[in-house]
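Here is a report for a reader meeting this structure for the first time. Please look through the sequence and the model before reading on.

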Amino acid sequence: MIQLGVFDYVLGGILLLAAVFIVIVVLKQESKSSGMGAVSGGSSETFFGKKKGNEKLLAKLTTIIGIVFVVIVLVIYIKQPDINKQSDDYFEQNKDVVTTAPATTETKPADTSTAA
């Protein structure tokens, strides 16, 4: 059984918050290309004006939180215990325990073929 410490819970919480933040901020950002907007009759920049200062701030925050997200994922990956080594240790400790299937009393049917 893997034991989780306070550090693991803190990193997991930060990772979860960063993921939710990235999703929300990316959904709030406007597209940088006209894409399908040009087909439907124009772009939003001509109607609403040029980019506001908030757009640049959101783009910077997205980059920073994305980097934090990747770093935390790498730290969690490096810190995690080697599961294969733990299972090898378990089997090494319990190598004397032998489990066998119970013997069955199966009877074979009699040979009914006739040799010619």
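## Basis of the model

This is a predicted model, in which local features need pLDDT of at least 70 and side-chain atom pairs count only at pLDDT 80 or more, while totals for chains, interfaces and linings use all residues. Residues are numbered from 1 along each chain as its sequence is written, and side-chain values use heavy atoms, with hydrogens and water left out.

## Overall fold

The protein chain holds four helices and zero strands. Its elements run α-α-α-α from the N terminus on. Helices (H or I, at least four residues) and strands (E, at least two) are DSSP runs, numbered from the N terminus.

The chain has 116 residues, and 7% of them are buried. Buried means under 20% relative accessible area, exposed means over 50%, and partly exposed lies in between (1.4 Å probe, protein chains only). The accessible surface comes to about 10600 Å². Carbon and sulfur atoms own 65% of that surface. These areas come from the Shrake-Rupley method with a 1.4 Å probe, and for residues only the protein chains shown count as cover.

Contacts can also be sorted by sequence distance. Take those between residues at least 6 apart in sequence: 94% join residues at least 24 apart. Contact here means heavy atoms within 4.5 Å.

E55 sits in helix α3. E55 is buried, at 18% relative accessible area. Setting aside neighbours within four places in sequence, E55 is in contact with Q29 and E30.

I65 also has its place in helix α3. With 21% relative accessibility, I65 is partly exposed. Beyond its neighbours within four places in sequence, I65 is in contact with A18, F21 and I22. I65 and A19 are 46 residues apart in sequence, yet 8.5 Å apart in space, C-alpha to C-alpha.

K28 belongs to helix α1. K28 is exposed, with a relative accessible area of 57%. From K28 to L58 there are 30 residues in sequence and 8.6 Å in space, C-alpha to C-alpha.

## The salt bridge

How many salt bridges does the count come to? The count is one. A salt bridge is a side-chain nitrogen of Lys or Arg within 4 Å of a carboxyl oxygen of Asp or Glu. Here the side chains of K79 and D8 meet, at 3.0 Å from N to O. K79 lies in helix α3 and D8 in helix α1, so the pair ties together parts that are 71 residues apart in sequence.

Both partners are partly exposed: K79 has 41% relative accessibility, and D8 has a relative accessible area of 23%.

## The second largest pocket

The second largest pocket has about 180 Å³ of space. On a 1 Å grid over the protein atoms alone, a cavity is a set of points where a 1.4 Å probe fits but cannot get out, and a pocket is an open set with protein on both sides within 12 Å along at least five of seven lines; lining residues have an atom within 4 Å of a point. Grid points are joined across faces, edges and corners, and a volume is the space filled by probe spheres set on the points.

Ten residues line this pocket, and L4, D8, I76, K79 and Q80 lie nearest its centre. The elements giving two or more residues to the lining are α1 (6-28) and α3 (53-79). The largest share, three residues, comes from α1. The lining divides into five nonpolar, three polar and two charged residues. Ala, Val, Leu, Ile, Met, Phe, Trp, Tyr, Cys and Pro count as nonpolar, Asp, Glu, Lys and Arg as charged, and the others, Gly among them, as polar.
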